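Please keep the sequence and the structure at hand while reading.

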Amino acid sequence: MDESTPNTAGRFALAYVSGALLLVSYAAWHYLMGHYARILLPALLAILMLVAAVLRLTVLNHPRLPAYLALIAGYLLLAVELPRLGDSATLWVGLAPVLSTLLLPLMPALTLNVVMAPAWLLLCGAPLFSDPSLAYLTAMALAPLALWEQRRQRALMLATDPRDRDCQALSRDGLHAHLDSEFQRTELLHQSLAIVVIHLPQVEMASEQFGSRARQALLDTLCREVRRCSRRHDFLGRQTLSTFWLVLPDTSESGAQLVQQRILHALESVVLVDTGPLRSRMGLCQRLPGEDWQRFLRRLLDLTQRLETQ
Amino acid sequence: MQSKYKVGLMRLNLLAGALLLAFLAPRQTQLASALLLWLGVLWLTLTAALLEFSHRRPAMLPWQLLPGLLLTGLLWTAPEGYALWFWLWPAVLLMPQPSWTLGTNLMLAGISWWALYPLFGPIQAAFVGLTLAVLTAMAMARRHQPQQPVVRQRVRLVPGLPLWSAHQLTEDLPRERARCQREDVHGELLLLEVPRHQLWTTARMLCHQLYGFESCYRLDSRTLAALLLSRDDVQAGQRRSTLMATLPTPRKARFLTLATADDLGIPLADFQRQRTALTTDREFEHG
């Protein structure tokens, strides 16, 4: 998700450009040493890295492709240079597992490292079961731990954070857990429960036509206006990308209609910079007396579907 | 809600690393580097043992700093054997960590480059330094921002359980109090103190005793709180006795009516001074 933000793209592009500079300086060093035959490869790979940087900045939807290019550049140079390095080969071979860890997702990185390990050990000339090859294998086992930890923390946040990542509303999972518990509560206390379904048809086209900032403005405006129109214990959650549920515990049908009118009125007057007047479609779903959770949820989902396809 | 994520594979990777280090350690002739390798084995094994999918142990700082320190120590004491591990620095920098440990690790990486300088020779040292800079740039681009403290305050402590932080209670308490008054519902706050090692099992048991719409909070390493809702005083009394019958015994408990508990500070201080095992605060009526 955060792989497609412009900020990350810029930082990756910077890393690729610095890689290109490193390759250029390596080629220059060969030139100074008079190894003219060895200049061509790093020079070509430097161009490849520049291409990767440009791709990373221009094609935001495919962050993998430039990473593959950078990895190919690193691996090619390493494979060609390792046999010529002599004693230092056992130092530079350690780059291979770290490069794949930095550039690939966890599982592909692990697989590639395991598959390539014999080849790298052969290229650097270290005998099997010697200290250098054991050290290489250990480095290969330790490097991906950082990615494991990243993955664990990200999954943990997704599983425990009830809020949506983009706006001040509950996420889909958080919403469903909250709604489920609110349903139980109203049932135990014999209260009514109403839900206002709000669909913003502009959200999807906004990010396509005007970029993520226009979409953010839409979401922020909705959350702010709904908050202004509701009580403290009403809660707003994001059911789908463009549809929100406002859950109103202990609210009768007339009360919910009033809330709906109030929100509609508040949203009507909003005009945003990119998308113009804010359009919205709303529906009301009141829990019927004696209705069970499954039926109620199905009715709610049907209403949501109807509003989205209208 | 229950997540499908399993920590098993990560634990396996940690143990594989520990095993390889344990292979290497006896082959060391120098005492210092052998000791450092064994420390590394210990660190990896303990991390694997303590690893779990919850916010119970948010990564402790000295714990995160240890791999960087071990790596520096090892490169310092045995540069010729483990020069290859110099390339582990980008992985250390890639670990989710606060910015000051990141700074420390960057500095340590610089120190180990300096320690390896005589081994590399000037030209190679320059290229190693440049390559490390490029890899660091990649690691920084890929870095996952650690959880902000603000975010940490609002998440469930264990996936799937209604167990929240103390900060969340200070937000929920006034809201629930107002809501109970409006809806004419009997709300109570339960404060529960248990021995430190029993806190998480008790929290789990307490969470299973609650209705879906009630929540449990961890106030500190010994104290839990829960918001209980009942239709009336009679039902509340029944719930109190069932709860007290099921929860493990060395404990101290206090039930407060939500109507009297507008602020958490005073009841909590009273609770800490409380000598009896169970107290139930009632609202005074003066007619």
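A nonpolar core is a set of buried Ala, Val, Leu, Ile, Met, Phe, Trp, Tyr and Cys residues joined through C-beta atoms within 7 Å. Buried means that 20 or more other C-beta atoms lie within 10 Å of the residue's own, with C-beta atoms placed from the backbone. The model is predicted: local features need pLDDT of at least 70, side-chain atom pairs count only at pLDDT 80 or more, and totals for chains, interfaces and linings use all residues. Residues are numbered from 1 along each chain as its sequence is written, while chains are lettered from A and ligands numbered from 1 in the order in which they are written.

**Nonpolar cores**
- The largest nonpolar core has 85 residues, and A:Met49, A:Ala139, B:Leu84, B:Trp85 and B:Leu88 have the most contacts inside it.
- Helix α1 (residues 6-33) of chain A gives the largest share of this core, nine residues; helices are DSSP runs of H or I, at least four residues, and strands are runs of E, at least two, numbered from the N terminus.
- A second, separate core of 31 residues includes A:Ala194, A:Ile195, A:Val196 and A:Val197.

**Chain A**
- Chain A has 13 helices and six strands.
- Its C-alpha trace spans about 85 × 45 × 30 Å along the principal axes.
- Of its 310 residues, 39% count as buried.

**Helix α11 of chain B**
- Helix α11 (residues 233-246) of chain B has 14 residues, and the count of buried residues among them is one, so to speak hardly covered.

Note on methods. Buried ≥ 20, exposed ≤ 12 C-beta atoms within 10 Å, placed from the backbone. Expected span 1.5 Å × (residues − 1).
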